[in-house]
Amino acid sequence: MKFWYRVCFVLVRVGLFFWHPVLRVQGLENLTKGAAVLCGNHSSADPLWIILALRQPELFRIMAKSELRRAPFIGWVMEKFRVIFVHRGEHDTQAVEECVRALKSGEKLLLFPEGTRCNGNKHVRAKTGAVRMAAAAG
């Protein structure tokens, strides 16, 4: 799996350079080695863009809504890259436990604490799950 992740990572990074050559990222030195919870704002960034911008060749675990699992091809790819699917609006303890296990094993976890897309006109209060998972993983 790591091999295919790295192949896809390199191919998409090359494509991103031609599509959006002026992508700049500040603060990469603050990204720790090993386990980390990365929280994105879902108004301006998607997981793919964040992962590519961080230039990390290691596999990130991403938490995504369970409905995406049913999307043709995309759902299959997400399963292959070990995305953690969560049932939103429920207390999905299985997904939370999987996130905590990933963190305890030294993986990075990317999630969007608002739990939904939002834009400049729509404010969505962040959920507390990211902090709870980080605390549970130590």
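Trainee: Is Arg82 buried, exposed or partly exposed?
Mentor: In this predicted model, Arg82 sits in the loop between α3 and β3, where its phi is near 60 degrees, a positive value in a residue other than glycine. Its relative accessible area is 33%. Buried would require under 20% and exposed over 50%, so with 33% Arg82 counts as partly exposed.

Trainee: Which loop holds Phe73, and is the residue buried or exposed?
Mentor: Phi of Phe73 is near 60 degrees, again a positive value in a residue other than glycine. Most residues other than glycine have a negative phi. The loop that holds Phe73 is the one between β2 and α3. With a relative accessible area of 61%, which lies over the 50% cut-off, Phe73 is exposed.

Trainee: Which residue just after α2 takes a positive phi?
Mentor: Helix α2 covers residues 47-54, and its buried residues include Ile50, Ile51, Leu52, Ala53 and Leu54. Just after this helix the phi takes a positive value of about 55 degrees, and the residue concerned is Arg55.

Trainee: Which residues make up the covered face of β1?
Mentor: In a regular strand the side chains alternate between the two faces of the sheet. In β1, Val37 and Cys39 belong to the uncovered face. The covered face of this strand is made up of Ala36 and Leu38.

Trainee: Which residue in β4 is the bridge partner of Phe60, and is that residue buried or exposed?
Mentor: The bridge partner of Phe60 is Lys108, and the residue standing opposite Ala36 is likewise Lys108 in β4. Its contacts, leaving aside neighbours within four places in sequence, include Leu38, Gln56, Glu58 and Arg61. The relative accessible area of Lys108 is 1%, which is under the 20% cut-off, so Lys108 is buried.

Trainee: Is Arg61 buried or exposed?
Mentor: Arg61 is placed in strand β2, and, not counting residues up to four places away in sequence, it touches Arg82, Ile84, Glu98, Ala102, Glu107, Lys108, Leu109 and Leu110. Its relative accessibility is 5%, under the 20% cut-off, and Arg61 therefore counts as buried.

Trainee: How do α4 and α5 pack, and which residues of α5 meet α4?
Mentor: Two packed helices are described by the angle between their axes and the distance between the axes. For α4 (residues 93-104) and α5 (residues 129-137) the angle is about 50 degrees and the axes are 9 Å apart, which makes α4 oblique to α5. The crossing is right-handed. On the α4 side the meeting residues are Val96, Cys99, Val100, Leu103 and Lys104, and on the α5 side they are Met133, Ala134, Ala136 and Ala137.

Trainee: What percentage of the 138 residues of the protein count as buried?
Mentor: Among contacts between residues at least 6 apart in sequence, 65% join residues at least 24 apart. Lys108, at 1%, and Arg61, at 5%, are both buried residues. For the 138 residues of the protein, the share that counts as buried is 34%.

Notes:
Residues are numbered from 1 along each chain as its sequence is written. This is a predicted model: local features need pLDDT of at least 70, side-chain atom pairs count only at pLDDT 80 or more; totals for chains, interfaces and linings use all residues. Side-chain values use heavy atoms; hydrogens and water are left out. Buried means under 20% relative accessible area, exposed over 50%, partly exposed in between (1.4 Å probe, protein chains only). Helices (H or I, at least four residues) and strands (E, at least two) are DSSP runs, numbered from the N terminus. Two strands pair if DSSP finds at least two bridges between them. Contact means heavy atoms within 4.5 Å. Axes are lines fitted to C-alpha atoms, for helices over the stretch in contact, and angles run from 0 to 180 degrees between N-to-C directions. Angles under 35 degrees count as roughly parallel, over 145 as roughly antiparallel, 65 to 115 as roughly perpendicular and the rest as oblique. A crossing is left-handed if the near helix is turned anticlockwise from the far one by less than a right angle, and right-handed if clockwise.
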